[in-house]
Amino acid sequence: MGKTKGSARRKGGKDATKVASKATSTLSKRQEKKSQVRKAAARERKGALLSQLETRKQADAAAARGPLLGGTLGLDLDDALAEVAAAPARRDKNRPNAANNRGRRVIAAQETERFGAVLKDERFRADPLGAVLGHLRATLPAPPSSGRRKKG
C-alpha cells in the first residue's frame, strides 16, 4: 500500500530541517554587502557622535573653569555658526507631526494656549481687527511696488 505514517513523518522532518538550516545559515552576496555597508555607516555615525560629545564635554569643562582659568567666555565663532546652522534642522525634527494622533493633540494644545494668550492681550481686547492688521503688517513683507500703473 505504500509507506507507513511513521516513516513518512521522519523523512519529512529531515527535509524540513535541511531547508531551514540552509535558509538561515547563509546570506547572498548582495545581502552580505548591504549588511557590511550598513555596519560601516553605523560605525561612522557612532564615531561622529562620540567626537561631537567629546568636544562638547571639553567646551563644558572649559566654561566651568571660567575665563580666568583657561576657559572661554563662549564658543568659537565657527562653533557658534555651526550650531546656528543646525538649529533649524533640529527644530524641524522636533516639530509635532500632524499625520498622527499624538502630533495633532500636541498641535491642538499649542494652538489653544496661543489663542488664549491672544484673547488675554489688552490690544486685542480693545481693537481686535486693528490688532490683527498691526500683527500682519509687522510680520508679513511689504507687497512689491510695481512701476506700472493701470490706466483707468
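**Salt bridges and a nonpolar patch in a predicted model**

Me: In this predicted model, which residue forms a salt bridge with Arg 123?
Reply: A salt bridge calls for a side-chain nitrogen of Lys or Arg within 4 Å of a carboxyl oxygen of Asp or Glu. The closest N and O atoms of this pair are 3.6 Å apart, and the partner that Arg 123 meets in this way is Asp 121.

Me: Is Arg 123 buried or exposed?
Reply: A residue is called exposed when its relative accessible area is over 50%. Arg 123 has 63% relative accessibility and therefore counts as exposed.

Me: How many salt bridges does the count come to?
Reply: Besides the pair of Arg 123 and Asp 121, there is a salt bridge in which the side chains of Glu 111 and Arg 114 meet, at 2.7 Å from N to O. By the rule used here, the count comes to two.

Me: In which helix do Glu 111 and Arg 114 lie?
Reply: These two residues are three residues apart, which is about one turn of the helix. Glu 111 is partly exposed, with a relative accessible area of 39%. The helix that holds both Glu 111 and Arg 114, spanning residues 101-120, is H4.

Me: What accessible area do Leu 49, Leu 50 and Leu 53 have together?
Reply: One of these residues, Leu 53, has its place in helix H2, residues 29-65, and at 42% relative accessibility Leu 53 counts as partly exposed. Leu 49, Leu 50 and Leu 53 form a nonpolar patch on the surface, and their accessible area together is about 280 Å².

Conventions: Residues numbered from 1 in each chain as written. Predicted model: local features only at pLDDT ≥ 70, side-chain atom pairs only at ≥ 80, totals over all residues. Heavy atoms only, no water. Patch = residues over 30% accessible without salt bridge, like charges linked within 9 Å, V, L, I, M, F, W, Y side chains within 5 Å. Areas by Shrake-Rupley, 256 points an atom, 1.4 Å probe, with all protein chains shown as cover. Helix = DSSP H or I, 4+ residues; strand = E, 2+ residues; numbered from the N terminus. Buried < 20%, exposed > 50% of the residue type's maximum accessible area, 1.4 Å probe, protein only.
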